[in-house]
Amino acid sequence: FLLLLGALGLYLYLRGHLAQVRARRVADPDAAPLDELARAGSDLSQPHEVEFFLYFPDQPAALRAARTLEAEGFRTEVSREGDGEDWLCFATRDLVPELGALRTLRERFNRLAEADGGVYDGWGTTVTSGGPGQ
């Protein structure tokens, strides 16, 4: 009986611990997409064209962000966002999608966007196998 009780206790502990780990990963806006890429078969050791989305209340703010990011080696486009009033500064760069680097970029983009009343809305990329023909 004690062995069964101990096994049940260990199971419940591990189940709770794994749930906490999963919750932290879901709450991490950079780790979750990396997990999805890995599950989709993307070779995370290879460069990907990563897209970043910064939204601003007006065109001059979006253009200032674009100029700043271009000076840092990003390719950018500025456009009106759909039917809304926001302006999108769409930035891309080829890089190996590594968690530490993406977190550093998130901090950088949050500061850049907030300085002009905007918001950074994350990043995305496509699955890259890194094999022949890629």
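**Figure 1. Salt bridges in the whole structure.** A search of the whole predicted model finds 6 salt bridges, a salt bridge being a side-chain nitrogen of Lys or Arg within 4 Å of a carboxyl oxygen of Asp or Glu. The model is predicted, so local features need pLDDT of at least 70 and side-chain atom pairs count only at pLDDT 80 or more, while totals for chains, interfaces and linings use all residues. Residues are numbered from 1 along each chain as its sequence is written, and side-chain values use heavy atoms, with hydrogens and water left out.

**Figure 2. The salt bridge between R103 and D28.** The closest N and O atoms of R103 and D28 are 2.2 Å apart. R103 lies in helix α4 and D28 in the loop between α1 (2-27) and α2 (31-39), so the pair ties together parts that are 75 residues apart in sequence. Helices (H or I, at least four residues) and strands (E, at least two) are DSSP runs, numbered from the N terminus. R103 has 37% relative accessibility and counts as partly exposed, whereas D28, at 13%, counts as buried. Buried means under 20% relative accessible area, exposed over 50%, and partly exposed in between (1.4 Å probe, protein chains only).

**Figure 3. The salt bridge between R108 and E72.** In this pair the closest N and O atoms are 2.6 Å apart. R108 is in helix α4 and E72 in the loop between α3 and β2, 36 residues apart. R108 is partly exposed, with a relative accessible area of 22%, and E72 is partly exposed at 31%.

Figure 4. The side chains of R75 and D94 meet in a salt bridge at 3.5 Å, N to O. This pair links strand β2, which holds R75, to strand β3, which holds D94, 19 residues apart. R75 is partly exposed, with a relative accessible area of 39%. Salt bridges that share partners join E49, R75 and D94 into one network.

**Figure 5. The buried face of helix α3.** Buried residues of α3 are A61, A62, A65, A66 and L69. Seen down the helix axis, the buried residues fall within an arc of 140°, so they line one face of α3; the arc is that of the directions from the helix axis to the C-beta atoms. On the other side of α3, R67 and A71 are exposed. Cover for the buried residues includes β1 (48-56), β2 (75-80), β3 (87-95) and α4 (99-115), with contact meaning heavy atoms within 4.5 Å.
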